[in-house]
Amino acid sequence: MSILTAVGEELHSNKPLTVGYDLATTYDEQLVVLHVIPKENFNKHKEAVKGTPAYDNFAISKEEQSGAEVARQAIHELLDDYDMDRIETRGRVGDPADKILAEVEYSEPRYLVIGGRQRSPVGKAVFGSTAQRLLLNAPCPVVSAIDGGE
């Protein structure tokens, strides 16, 4: 088993990574940190390099490597003290909720850890569509790691 933590490009806090790492060490599991690049971002990037030498080698697999690198960078920036041997990074391209759920199905983690943003009192009643889909459809326990606040 493992602990799967999904991170976005906009790193609002270190809470999801901290919670994911704490769960991984508590249960002596591998922490898998996943970053999903939305398909529309992939298409924009592909269009931007069209006509350049980089276009010939442009593929989803290379973009997935970039996603894994975003996850690796998040670890280095947001975790203070960690054992990299306990952590694996992965990248995917597509709809974030679909790809995270596919990763959950594939790796069967003990927990899925997701983040979120602090919201207004009204906004707290409704999660974002990705978080809501994950909470409702993941076949494993989902930990929503949101920083406290007002």
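Arg86 and Asp28 join through their side chains in a salt bridge, at 3.3 Å from N to O; the term requires a side-chain nitrogen of Lys or Arg within 4 Å of a carboxyl oxygen of Asp or Glu. Arg86 sits in the loop between α4 and β3 and Asp28 in the loop between α1 and β2, so the pair ties together parts 58 residues apart in sequence. Arg86 is buried, at 19% relative accessible area, whereas Asp28 is exposed, at 59%. Buried means under 20% relative accessible area, exposed over 50%, and partly exposed in between (1.4 Å probe, protein chains only).

## Basis of the model

This is a predicted model, in which local features need pLDDT of at least 70 and side-chain atom pairs count only at pLDDT 80 or more, while totals for chains, interfaces and linings use all residues. Residues are numbered from 1 along each chain as its sequence is written, and side-chain values use heavy atoms, with hydrogens and water left out.

## Other salt bridges

The structure holds eight salt bridges. Glu103 and Arg92 form one of them, at 3.1 Å from N to O. Glu103 lies in helix α5 (residues 96-107) and Arg92 in strand β3, so this pair ties together parts eleven residues apart in sequence. Helices (H or I, at least four residues) and strands (E, at least two) are DSSP runs, numbered from the N terminus. Glu103 is buried at 3% relative accessibility, and Arg92 is partly exposed at 24%. A network of salt bridges links Glu88, Arg90, Arg92 and Glu103.

Within helix α4, Arg72 and Glu69 are three residues apart, about one turn of the helix. Their closest N and O atoms are 3.0 Å apart, in a salt bridge.

## Nonpolar cores

The largest nonpolar core has 18 residues, and Ile3, Leu17, Leu31, Val33 and Ile87 have the most contacts inside it. Such a core is a set of buried Ala, Val, Leu, Ile, Met, Phe, Trp, Tyr and Cys residues joined through side-chain atoms within 4.5 Å. At least two of its residues come from each of β1 (2-7), α1 (15-26), β2 (30-37), α4 (60-78) and β4 (111-115); α1 gives the most, with five. A second, separate core of 14 residues includes Leu34, Val36, Leu112 and Cys140.

## Helix α1

The buried residues of α1 are Pro16, Leu17, Val19, Gly20, Tyr21, Leu23 and Ala24. Elements covering them include β1, β2, α4, β3 (87-93), β4 and β5 (142-145).

How values were computed: Contact means heavy atoms within 4.5 Å.
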